[in-house]
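Student: I would like to learn how to read the features of a protein model. Please take me through this one.

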Amino acid sequence: MSELRDVVIVDGVRTPFAKAGTNFAKVRAHELGRVAMRELLERLEIADGKGAKARVKVDEVCIGNVGSPEDAANISRVIAMQAGLDKSIPGYTVHRNCASGMEAVAQGWLKIASGQAEVMMVGGVESMSGMPLIYRPEAVDFFARMMRIKSPVQKIMALLKLPLGTLLNPIVAIQEGLTDPFCGMNMGQTADLLAKEFRITREEQDQFALDSHRKAVAAQENGKLAEEIVPVPVPMKYKEVVREDIGPRKEQSMEQLKKLKPYFDRVNGTVTVGNACGITDGAAFLALMTREQARNAGYKILGKIRSVSFSGHEPERMGLGPVYASHLALKKAGLSLKQMDVIEVNEAFAAQVLSVMKAAASKEWCQEKLGISDALGEIDPAKLNPNGGAIAIGHPVGSSGARIVLTALKELNRSGKQFGLATLCIGGGQGGAVVVEREA
Amino acid sequence: MNTKNFKLFDRGDSWYELCFDQPDSKANVFTEEALRELDSVTEELSKRKDIIGLVVTSAKKDIYIAGADINLIKDLDTIDKALTACSAGQQMIHRFSKLPFETVAAISGACLGGGFELALACKKRVASDARAVKIGLPEVMLGILPGFGGSTRLPRLVPLPTALDLILSGKQVDGKRAFKMGIVDAFLPEQDFNERAIAWAKQNINRSGRNVHTFMTRLMEMVPLRGVVFSQARKQVMKTTKGKYPAPLKILDLLAEIHGLQMDEALKREAKAFSQLAVTPISKRLIEIFQLTEGVKKTNGVSDEVKATKVERAGLLGAGVMGGGIAWAFANKDIPVRMKDLNWDGIRLGYEQAGENFGFALKKRKLTKPQFLGKMGMISGSLDYSGFRNVDVVVEAVVENMDVKKKVMAETEKYISENCILASNTSSLSITEMQSAVSRPQNVGGLHFFNPVSRMPLVEVIAGEKTSKETVATLFELSKKLGKTPIVVKDGPGFLVNRLLLPYMNEALFLYEEGVSIERIDQVMLDFGMPMGPMRLVDEVGIDVAAKVAKILNQAFGARAEASPVSEEIVKSGRLGKKNGKGFYKYENGKPTAVDESIDALVKSRTTKSARLSDLDLVKRMTYPMINEAALALAEGVVATPGEVDLGMIFGTGFAPFRGGLLRYADSEVPQQVAEALEKFSQAGGGERLAPNQALREIARKGFFYSGR
């Protein structure tokens, strides 16, 4: 194989992340995506990505999304067109559960590094508010029968057999989606399992959650998060502009967190809605290109992608994905965990991130599972999610993977440090990791 | 058997195609020649025994038949002439309708007025699904009615309410809608349309016409209900026209009268009604306005040698209500617009305004929800100049303050490309002075929209001293692209429209001070045909704003623009007009409810000096000063022609269109008389403010504002 080309990220932008059912409850995923994409195109002076005004020509758009809105099956294409990219620029949507946004980054990197593309617009988008309720098969059968019947009398007869019970008890897509089809465990249950196995106490989890809120609130107040956010005017009346994440709680306290009942395992569990990420709406996008393109266009470069890796393991311990994937990504990059200056581990659950830290620091675990002689390394809490994580900010599944890459890069640029790792766990027993390096 | 305009083709199976192809023209129009040729073709064809059917097509892209030559109508000056002309054309089309074989109109583009009347004279009609298909009878908008049989035939084809709607509103429908309404018998794809139409015609020769009547529509045409339909329609007409326009009323009378009459008799009465309308001054005025707007479409405001730049992206500074309206105008035509303001509260206001405008279209189902979001998606907001390097034009709508505007323009210039045009939406500040603040003054011009942007069609394109011709042409073309009617105005206080409007509002305030009641002032001007009385207009504009602008003009023009002291006195009491709910009128939820009589006590200087002036004199006191100022503006070259003054006043202020605009009105009043009346007002205490100026005297001496009168 020929030499891989360097791929750089020149900028990125995201919408505020809002707890599902709140400010973006009625905003479609593609609308959120459009706002973020358009803003990125404007900031980079890309215009329609093709014409004379475009500072660089965009080759393709790749967007990660889990919930596939029914009116935007290939949401990537819909967003690209609505954001004003020329119709000749193709777009595709990728799905890797919680890492869909990161998969889009990986796609961009692959295509550019291998010479298939020069400029890629990538990102992730999710409206968990917009996830549908689905009719059960019995109800679907009923509708099909009704459509076939022509005679009014028979229609009335059939109506009498209306399966009201199933009609009022639809399948909740979001609930089904968060349950593993192999082990049958809900994501929360997998976190409870890790808490037990890694001996993470309820108090440790709550403390971790509280810290996430504190860090996120601080980053809101000092404007760090605002750097990556484009405000979203809320259709259809535009009476409101959402400017920051709806999730971080300034007044969050241990007392409040303690009061919450375990949500997934009500008897023996320790995972509560307070120490888990919330279901959320939001979008995040990045512009990837070759260094040459970026230099020629005169862009300031945020950073270079050093490596991208995905890994697989047992679904019931899906939360440990970051250890597996980071190991691979660091190895490819020829770097060690210790060298990382900023580490973004997506906070699906406090118990899960704490387990990741323990596993990575455990020589035995790493020997057994990663087949390496020593521990992967300690994750310094000071370097971990310095601006808060998904427990406070939220986890719109399709977009978080892109968000943590962006957040890590912005932090590296603020602090003037060199290496960043963005990694997350993936429902179904996978892990994803991206290593980035700030351009000096 | 080919003529200059018509070609006949053998289409096999004893079918023929008659193709209308006007030489050296993009459109097909019924000129005298074309009509005569059509008649001779009809004559020949009527003798042929071998023909089974004839399909009438057009060779023009996007146009079937655009109607009758408007100049023919304009020149009709006596009822006799009008009757002769109308009857001749009507009979030609009537003879066509009697051809002894199948006739089918194949409509693939604009099919309006006389064109639609020919289609109605065919036995069947088919339309294509092309976007260009527009079918309608716009005669009413020119103050006339369909006189080539359309008024007679349409109500016999479709239910009465449908026919009334089309004829009274002059609205145009596309092929699909026409099919649903029953106007056309088939609706076919635009690809190979003429071939398809001929094939369809051959196949459907034995099919009778469509019957779109239902039990209800039949019922509505029966005696008691028919009366109700007509009286409802009349009420609607009175509501929208206030009885100022005779054509819709005449149409109602005619349709009621000819219902159930023999065709020949009905046609006779139609021609008679047409001829009565065609000679009215109102029709002449409406035709003149139509021709003025058509004229605008054909120019770029400068000259053909000057090239306008196509605006593909736009920037906007200041996103308030006005900014939001301008953003809407861009987004509505799918031009991406970047809206910059100092904070997101401001940007939100712009979004809200644009959303409100698109909301109306959504409500009327002219937009679907995804389309609504798509249009709104053309707008983006920003606190900095990011993205401005890519725009072709920046419109600034920041606060009306010269220092701020200069600063903003100088700053913006750093972030935009070399050729980007910087346009100010100022309503009163000097473009030339703004040019002093930038390094590329040739790219700076004025683009003055009127509030509310979504409803006011006028845009004043203002050329400062250093504005290049390219800039003017680009702004002119841009305005047209945005669906507006632009006029080019020379830089100067108040530009054109506000400069003329101010003496009117000012004079209303003087009359108020001289003891005329608010109601009476407004009522006489409403009766005159203004869309809003001047006192309400002052409320609407803001009493403080009116006072400020009056002061600016007073400083610029001296004694002849002496400002009424009333507005300042009222502003001091805290009344600002509609915006704070307190003005000459009382307001509830932003809507005026009644005149606020308590205001009278606030104006200490009030006398009873003019309380006894007649209504007519009140109108003259308020309108003649506008004419006076217009004469001066013309002499100074603020605009080049009286036509532009009229366009500006009609589209910028709603000045009674049936009067043809300010200067057509002036001509009908006779400039000499206007000057004399002003002299009288001047001597009666108006002084220099009401004295006829030199420019008006000059015009009075020569005769009229418009030449050829």
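**Reading sheets, helices and contacts**

Tutor: Helix H19 (residues 469–481) of chain B lies across S14, strand S15 (421–424), strand S16 (444–449), strand S17 (458–463) and S18 of chain B, and runs at about 175° to S17(B). Helices (H or I, at least four residues) and strands (E, at least two) are DSSP runs, numbered from the N terminus. Axes are lines fitted to C-alpha atoms, for helices over the stretch in contact, and angles run from 0 to 180 degrees between N-to-C directions. Two residues are in contact if their C-beta atoms, placed from the backbone, lie within 7 Å.

Student: What should I know about the model and its numbering?

Tutor: This is a predicted model, in which local features need pLDDT of at least 70 and side-chain atom pairs count only at pLDDT 80 or more, while totals for chains, interfaces and linings use all residues. Residues are numbered from 1 along each chain as its sequence is written, and chains are lettered from A and ligands numbered from 1 in the order in which they are written.

Student: In what order do the 8 strands of the open sheet in chain B stand?

Tutor: Strands of a sheet pair through backbone hydrogen bonds, either parallel or antiparallel. Two strands count as paired if DSSP finds at least two bridges between them. Here the order is S13-S12-S11-S14-S15-S16-S17-S18 (chain B), with mixed pairing. Strand S13 (379–382) and strand S18 (485–490) of chain B are the edge strands, each pairing on one side only. From one strand to the next, the twist averages 25°. Helix H15 (residues 344–363) of chain B also packs on this sheet, where it touches strand S12 (337–340) and S13 of chain B, and its direction makes about 165° with that of S13(B).

Student: How many bridges join S11(B) to S14(B)?

Tutor: Strand S11 (residues 314–317) of chain B and strand S14 (residues 393–396) of chain B run parallel and are joined by 4 bridges. Gly315(B), for example, has Val394(B) in S14(B) as its bridge partner.

Student: How do I describe two packed helices?

Tutor: Two packed helices are described by the angle between their axes and the distance between the axes. Helix H4 (residues 114–121) of chain B packs against helix H5 (residues 150–157) of chain B at an angle of about 50°, and their axes are 10 Å apart. That makes H4(B) oblique to H5(B). Angles under 35 degrees count as roughly parallel, over 145 as roughly antiparallel, 65 to 115 as roughly perpendicular and the rest as oblique.

Student: Which residues of H4(B) and H5(B) meet?

Tutor: Phe116(B), Glu117(B), Leu120(B) and Ala121(B) in H4(B) meet Gly150(B), Arg153(B), Leu154(B) and Leu157(B) in H5(B). By class, this contact has 5 nonpolar, 1 polar and 2 charged residues. Ala, Val, Leu, Ile, Met, Phe, Trp, Tyr, Cys and Pro count as nonpolar, Asp, Glu, Lys and Arg as charged, and the others, Gly among them, as polar.

Student: Is strand S3 of chain A buried or exposed?

Tutor: A residue is buried if 20 or more other C-beta atoms lie within 10 Å of its own, exposed if 12 or fewer, and partly exposed in between. In a regular strand the side chains alternate between the two faces of the sheet. In strand S3 (residues 60–64) of chain A, 5 of the 5 residues are buried, so S3(A) is largely enclosed by the rest of the structure. Glu60(A), Cys62(A) and Gly64(A) on one side and Val61(A) and Ile63(A) on the other are all buried. S3(A) pairs in the parallel sense with strand S5 (residues 119–127) of chain A over 5 bridges, and with strand S4 (residues 91–94) of chain A, also in the parallel sense, over 4 bridges.
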